[in-house]
Amino acid sequence: MALYLVATPIGNLSDCSARAKEILAKAHVLAAEDTRSARRLLTAFEIPLQGRDLVAYADHNERAVAPRLAEALKAGKDVAVLSDGGTPLVSDPGYRLVQEAIAAGVAVVPLPGPCAAVAALGASGLPVHAFSFHGFLPKKPGARGKLLSKLKDRDETLIFYESPQRVPKVWPELVEVFGADRPACLARELTKMHETFLRGTLAELQQRIDAGPPLKGECTVLIAGRAAPEVPDVEE
Ligand code: SAM
């Protein structure tokens, strides 16, 4: 028995690993953030559910469902956690269940794969040898301002998730806090047909966002650190 954390595509189905498909085909219980998108994924890969349990495991019911899934694990079942896309637990449910599994002595097995933050980082052109991930920016202006001020003097590249509706709203705050000249990148629709990277200073990107059509699709925001750390030698 094991708890499998299954990374799934963030847009391009070809990014699903053979190992992920194998586990999705054999786990006794599939715990999915959205059961409809999980069904679509299974159908795309012609993986039958065949009487196995498909359980909704989302932010709003994580507290209630995690203990039930932990019971299934303790009863010797394999449980696979998958989110709507990407790596479970990364701004997605799963943390509570991992804690329960560890406490119960159950093996936790990661199946690495797509993750928007990591995909965006590599292609952003910003320094990658030190970075930090901060999930979604707080919606409340006070909490957001506090977090941004805390991060403004950090040296590493900062990564955030944000919705396309909110990117144009928060961008002026980013310019104000980090300064107009700070290098940044807006990665949109990664791995999909309309994948785009806007690269430039925060002020340049502000102009391009303002001048362009309304932003659509999924967005990841990256901001260079105050002083990029030196690129270390790669150790053998
Ligand atoms: N667990 C997922 C992962 O590993 O990337 C992230 C889940 S989080 C709920 C969803 C957010 O990730 C989106 O709102 C967006 O900010 C970012 N994201 C997901 N897919 C993306 C894509 N294809 N392109 C750019 N950003 C994406």
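Reader: How far apart are the centres of domain 1 and domain 2, taken over C-alpha atoms?

Author: Domain bounds come from an automatic or database domain assignment, and for this protein chain that assignment gives domain 1 (2–111) and domain 2 (116–223). The centres of the two domains, taken over C-alpha atoms, are separated by 29 Å. Their contact, where contact means heavy atoms within 4.5 Å, takes six residues from domain 1 and nine residues from domain 2. Please keep in mind that this is a predicted model, in which local features need pLDDT of at least 70 and side-chain atom pairs count only at pLDDT 80 or more, while totals for chains, interfaces and linings use all residues. Residues are numbered from 1 along each chain as its sequence is written, and side-chain values use heavy atoms, with hydrogens and water left out.

Reader: How do the residues of the lining of the largest pocket divide into nonpolar, polar and charged?

Author: Ala, Val, Leu, Ile, Met, Phe, Trp, Tyr, Cys and Pro count as nonpolar, Asp, Glu, Lys and Arg as charged, and the others, Gly among them, as polar. On that scheme the lining of the largest pocket has 10 nonpolar, seven polar and seven charged residues.

Reader: Which helix gives the most to the lining of the second largest pocket?

Author: That is helix 2 (residues 35–44), which contributes five residues. The second largest pocket has a volume of about 260 Å³, and among its 18 lining residues Pro9, Ser37, Leu41, Asp84 and Gly85 lie nearest the centre.

Reader: Is Thr8 buried or exposed?

Author: Buried means under 20% relative accessible area, exposed over 50%, and partly exposed in between (1.4 Å probe, protein chains only). Thr8, in the loop between strand 1 (2–6) and helix 1 (18–26), has a relative accessible area of 2% and is therefore buried. Leaving aside neighbours within four places in sequence, the residues in contact with Thr8 include Leu41, Asp84 and Gly85. By contrast, His194, which is placed in the loop between strand 8 (183–188) and strand 9 (196–201), is exposed, with a relative accessible area of 52%.

Reader: How many salt bridges does a search of the whole structure find?

Author: Side chains of opposite charge can pair when their charged atoms come close. A salt bridge is a side-chain nitrogen of Lys or Arg within 4 Å of a carboxyl oxygen of Asp or Glu, and the search of the whole structure finds eight. In one of them the side chains of Glu71 and Lys74 meet at 3.4 Å, N to O, and both residues lie in helix 3 (residues 62–74), three residues apart, about one turn of the helix.

Reader: Which parts does the salt bridge between Asp155 and Arg226 tie together?

Author: The side chains of Asp155 and Arg226 meet at 3.5 Å, N to O. Asp155 lies in the loop between helix 6 (141–151) and strand 7 (157–162), and Arg226 in the segment after strand 10 (219–223), so the pair ties together parts that are 71 residues apart in sequence. Asp155 counts as partly exposed because its relative accessibility is 32%. Glu189, Lys192 and Glu218, for their part, are linked in a network of salt bridges.

Methods:
Helices (H or I, at least four residues) and strands (E, at least two) are DSSP runs, numbered from the N terminus. On a 1 Å grid over the protein atoms alone, a cavity is a set of points where a 1.4 Å probe fits but cannot get out, and a pocket is an open set with protein on both sides within 12 Å along at least five of seven lines; lining residues have an atom within 4 Å of a point. Grid points are joined across faces, edges and corners, and a volume is the space filled by probe spheres set on the points.
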